[in-house]
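Okay everyone, let's have a look at the next protein.

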Amino acid sequence: MSTSHKDLHSKLTLGGLLISLGIIYGDIGTSPLYVMKAILGEHIIDPDVVLGGVSCVFWTLTLQTTLKYVILTLSADNHGEGGIFALYALVKKTKIQWLIVPAIIGGSALLADGIITPPISVSSAVEGIKTFNPEINTVPIVIGILVILFTIQQFGTKLVGKFFAPMMTIWFLMLAILGTIQITSHPEVFKAINPYYAYHLLSIHPDGFFVLGFVFLCTTGAEALYSDMGHCGRKNIRISWIFVKTALVLNYFGQAAYLIQHGGVSLQTLGGENGNPFYLIMPSWFQPFGIVVATLAAVIASQALISGSFTLINEAMRLNFWPKVRIKYPTELKGQLYIPSINWLLLVGCIGIVLHFEESSNMEHAYGLAIILCMIMTTILLNYYLIMKRVKWYFFMPLITIYLLIEFSFLAANITKFAEGGYVTLFIAILLIAVMTIWYLAKKINKNYTKIVKIEDFKKVLVELSNDLSIPKYATHLVYMTNAGRVDEIEEKVTYSILQKRPKRADIYWFVHVNVLNEPYKKEYKVTEIVKDDLYRVDFNLGFREPTKINLMFREVIIDMVKKGEVDVTSRYESLNKNNIVGDFKFVLSEKFLSNDSDLLWHEKIIMNSYFLIKKLSLSEESAFGLDSSSVKIEKFPMVLHAPESLGLTRVK
């Protein structure tokens, strides 16, 4: 681990703690808005269900969030970065091929969750207005807030970020104080810390197991907490979690204390159609302020998930799971990016969810099913991480077994939500899994049918072509992007392009290769001189979170080489050379299309046709590499898969 990452994770600062509050806990921190309300639903308040429910919440936060994520999973960092794709990039080193399956399922489920978290958080907060005016339609207000939230993404969160930390500090203090006020009048609610009450609810109560699906909502933000580790540092997260968990537990127990005192009636009787214990525990004079703070906290929770979705898609692109899309860097903050296509797709998805479900109580049924899948996949990858780290089997096997047991119980409880709305997030997740799988498999097929040749066999002819004055000059510097991993190799299509597809004479040929590393932040390059003043290869080693700006990077490499006297880039045309004019650079990129001569197997046909369809909608190669389109030539190459060896033609006289 590099020193900067070591510093980030070992340093404990007030600033780091505040940033953690502002960025990381939005999702998990706003769950008191809907968890207790979801557990009770429209049933009559039963003290057994309340105590059992709050006991389940306490132990879920302790076992699932604290032990699994804050203590165990945060230790699995990839050069300081967290998240399911960072974890996959780590365990990839074990060379176990099928681990890609949990990575793709988990990543897709987390993205699907990103579409429902903003609507449920914002709706739950805004619906507090119904306490004053039960007739008001909150749908337009929720959509308005979401539109503003997604529109400001393009300006980066640096400005808003300064407002996040103090706002979330106020939010957690408010949770703690409101909860404490209720607990003081009914302190015996603390007996719910005894796991017997959770066990009693799950085993004896007829609705017990069903309640588990709603209890799970209290830990949905744990996966996002892991994804954001690189921004705040492990130590800051672990220490700030003590404050956050205390505030959450106090609020949940405060809501439970209030509900036990009002046993025998329903929430609707206590607070009208949208009775929510979160607002019911507030004094009436405080409610307007509470609604405003809750809405702001919900917006911050949504912001964290949107930023997380951008990071996730960026990582998926670098790991070859996702088509290339345009990425913008609105601020200088490391790791902060903005992906316009994903931003607007998320907004459309969020508005669709709000219009479809209308109220947060309906969204609760759709929420949780996708994220539990993500948690199970993280557990599977974590198992292989612990094996890789040579942790003793008798330590991690019971631990992983317990977590798989807990998570599969949550999955079983959440399955009941499928028909009531869970199908929405599951459908979105399946759609994302399909895109990632097609993209990954197509890239694999592509790689298998790419013919690689030795540069050594073409060195002589390339040098002779460079000096052949009978062929008009194509460019002073001709640059080819190559996927060949070895320095002494090149794709056959590159040699075909230079020598046969209209011979391209150039003074210097450059081969540029981008190697994506398993670590997040690194920018290195290596230059190999194949033939002095004729043939060079440049390899860029970039971290999986680094932007690919080949135009700027390549220019930097050339400037450095000229400074060191390793290459002469002045034009070879006499008049221009005399006046020290730099020669022109032309980039050649090859674009494949599926040849009609291909004889594909049925599954390859589906994969490749879907791949080329998605490719049409994605970013062009030159934009993806950050190249200036004025100096780029795109050449189309037919991709022939399983070409028939013989057509069985017969020659006749």
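One term before we start: two strands count as paired if DSSP finds at least two bridges between them. With that in hand, here's the sheet. This is a predicted model, and in it 6 strands make an open sheet, in the order E5-E6-E4-E2-E7-E8, with mixed pairing. At the edges sit E5, residues 523-531, and E8, residues 632-639, and each of those pairs on one side only. On average, neighbouring strands in this sheet are turned by 25° against each other, ignoring direction.

E5 pairs with E6, residues 535-542, in the antiparallel sense, over 8 bridges. If you want a pair to find on screen, Lys-526 stands opposite Asp-539 in E6.

Now, what lies across E4, E5 and E6? That's helix H23, residues 459-467, running at about 135° to E4.

Next, Ile-498, which you'll find in helix H24, residues 492-499. Is Ile-498 buried or exposed? Its relative accessible area is 1%, so Ile-498 is buried. Beyond its neighbours within four places in sequence, its contacts are Leu-462, Leu-465, Tyr-480, Pro-503, Lys-504, Tyr-509 and Phe-511. Take Tyr-480: 18 residues away from Ile-498 in sequence, and 9.7 Å away C-alpha to C-alpha.

Last thing, confidence. The average pLDDT is 83, with 93% of the residues scoring at least 70. Helix H14, residues 234-261, has the highest mean at 93, while helix H1, residues 3-10, has the lowest at 52.

Key
Residues numbered from 1 in each chain as written. Predicted model: local features only at pLDDT ≥ 70, side-chain atom pairs only at ≥ 80, totals over all residues. Heavy atoms only, no water. pLDDT = per-residue confidence, 0-100. Helix = DSSP H or I, 4+ residues; strand = E, 2+ residues; numbered from the N terminus. Axes fitted to C-alpha atoms, helices over the stretch in contact; angles between N-to-C directions. Contact = heavy atoms within 4.5 Å. Buried < 20%, exposed > 50% of the residue type's maximum accessible area, 1.4 Å probe, protein only.
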